[in-house]
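Work through the exercises below with the sequence and the 3D structure at hand. Try each task before reading its solution.

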Amino acid sequence: MRGHLEKRRKNSWTIIIDRGRDPITKKRDRIIKSVEGPKREAEKIMNELLYQLQTGTYIETNNLTLAQYLIHWLNTYCSTNLAPKTIHSYQMEVYKHIIPGIGAIPLEKLTPLHLQAYYTDQLNFGRLDGKGGLSPRSVLYQHRIIREALKHAYRWQLVFRNVADAVQPPRLKKKEMYVLSREDVLVFLESIRDHRDYALILTAVYTGLRQGELLGLTWKHVDLGKRTLNVRKQLQYVAKKGYIFRDPKTNKSKRQVPLTPEVVQVLKEVRKEQAQYKLISEEYFDHDLVFCLPNGKPLDSTNLTKRFKNLAIHNGHPQLRFHDLRHTCATLLLAAEVDAKKVQEILGHESITTTLDVYGHVLPTMQREAMDRLSSFMKGF
């Protein structure tokens, strides 16, 4: 199998790949593709096409529908580059909504108008049970999947532009975080001291770990003597695959977090209880998890979220979500005058900009207090 370039005009090339003769028709089988850009870019695309042909991943673009392309994208790119839970989520949206809605449209003929009309239809009638439309958040998620898929179609020279870039997706109102004050935290923790999730919730408040990071925390990454824990994995449940450990959200999410004496003490109690369960249990599933069921199996995140919601409502905080414990931790750290850079490191944010953007509401008060201290200093008291 050979390929060569023919120059059409300046920065315009035709890729010609000879696949031999069709064994039935005896006609020459060639792939001809026009490319705009410098010669090295055309050569790169030609080599990519040759690689796809050799590895069996090449797809014929003539009359290729959006559905056919999305299935190819899921099976080739997504299957090797995304986390299992993300892949499953993409598949659910693609097969249940996007393909039934606009999958029959040829990829090359897909227009911004098609997508805009599809989003409107999803907002009004998108629910699978026929009881109305999907939320703006759900439709925006579909838009992001389509946009990401078409971004790769553009890179692979299947389309000349990403039409999703020209579409106005639904806009979301920024969800306000609900944080507990210092006094609220102390009262809340005292009221749930005997609850099965007390140790996990207290650790969440004092470390700011995400739920998946807490559920995936193992004893080998906890040093109670040095009062530290290391975030190395998070636990997720993937349909048809069960529980899996995967890397944290970003590289910065892999971090060491210092522990307060309160957390150290409660974790010592957790470890002691687990040792007792191991002695009396006929079948203990030892995954080395810090937070788990009495038999050692992983905690179910959905059930944990439901239990926490009931606790929040019972204690007068109906708006409180589990993730708000992370926000509460960050807010309390900043209120305690911990440097914002340290807060970023504890939370595992990719950059301090994220920390300041999310928790900037705490800073004005801190800034006023700082200026008041400066004024007092300059006055000599």
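**Exercise 1. The hairpin**

Which residue in β2 is the bridge partner of Arg9? Describe the pairing around it.

Solution. The model used here is predicted.
- Step 1: The bridge partner of Arg9 in β2 is Ser12.
- Step 2: Strands β1 and β2 pair in the antiparallel sense, over seven bridges.
- Step 3: Two residues lie between the strands of this hairpin, and Asn11 takes a positive phi near 55 degrees.

**Exercise 2. The sheet**

Find the order of the strands, and state which strands lie at the edges.

Solution. 
- Step 1: Three strands form an open sheet in the order β1-β2-β3, with antiparallel pairing.
- Step 2: The edge strands are β1 (2–9) and β3 (28–36), since each of them pairs on one side only.
- Step 3: From one strand to the next, the twist averages 20 degrees.
- Step 4: Strand β2 (residues 12–21) runs antiparallel to β3 and is joined to it by eight bridges. Ile16 has Ile32 in β3 as its bridge partner, and Ile15 stands opposite Lys33 in β3.
- Step 5: Helix α1 (residues 39–55) packs on the sheet and touches β1, β2 and β3. The direction of α1 makes about 25 degrees with that of β2.
- Step 6: Is β2 largely enclosed or largely open? Seven of its ten residues are buried, so β2 is largely enclosed by the rest of the structure.

**Exercise 3. Helix α4**

Check the length of α4, then sort its residues by side.

Solution. 
- Step 1: Helix α4 (residues 112–125) has 14 residues, which at 1.5 Å a residue should span 20 Å. The C-alpha atoms at its ends are 20 Å apart, which agrees.
- Step 2: The buried residues in α4 are Pro112, Leu115, Tyr118, Tyr119 and Gln122.
- Step 3: These residues cover an arc of only 125 degrees around the axis, so they lie on the same side of α4. An α-helix has 3.6 residues a turn, so residues three or four places apart point the same way.
- Step 4: Leu113 and Phe125 are exposed, on the face of α4 turned away from its buried side.
- Step 5: The cover over the buried residues of α4 includes α3 (84–102) and α5 (136–155).

**Exercise 4. Helix α10**

Solution. 
- Step 1: The 14 residues of α10 (residues 301–314) should span 20 Å at 1.5 Å a residue, and the end C-alpha atoms are 20 Å apart, which agrees.
- Step 2: Leu304, Arg307, Phe308, Leu311 and Ala312 are the buried residues of α10.
- Step 3: Their arc around the axis is only 140 degrees, which puts them on the same side of α10.
- Step 4: On the other side of α10, the exposed residues are Lys306, Asn310 and His314.
- Step 5: Among the elements that cover the buried residues of α10 are α6 (182–191), α7, α8 (211–215) and α11 (324–335).

**Exercise 5. Single residues**

Is Thr203 buried or exposed? Then consider the cysteines.

Solution. 
- Step 1: Thr203 is found in helix α7 (residues 198–207).
- Step 2: The relative accessible area of Thr203 is 0%, so Thr203 is buried.
- Step 3: Beyond its neighbours within four places in sequence, Thr203 is in contact with Gly208, Leu214, Val263, Val266, Leu267 and Phe291.
- Step 4: Cys78 is buried, at a relative accessible area of 0%. Cys329, at 3% relative accessibility, also counts as buried, because the cut-off for buried is under 20%.
- Step 5: With a limit of 2.5 Å between cysteine sulfur atoms, the count of disulfides is zero.

Conventions. Residues numbered from 1 in each chain as written. Predicted model: local features only at pLDDT ≥ 70, side-chain atom pairs only at ≥ 80, totals over all residues. Heavy atoms only, no water. Helix = DSSP H or I, 4+ residues; strand = E, 2+ residues; numbered from the N terminus. Expected span 1.5 Å × (residues − 1). Buried < 20%, exposed > 50% of the residue type's maximum accessible area, 1.4 Å probe, protein only. Arc of directions from axis to C-beta. Contact = heavy atoms within 4.5 Å. Pairing = 2+ DSSP bridges. Axes fitted to C-alpha atoms, helices over the stretch in contact; angles between N-to-C directions.
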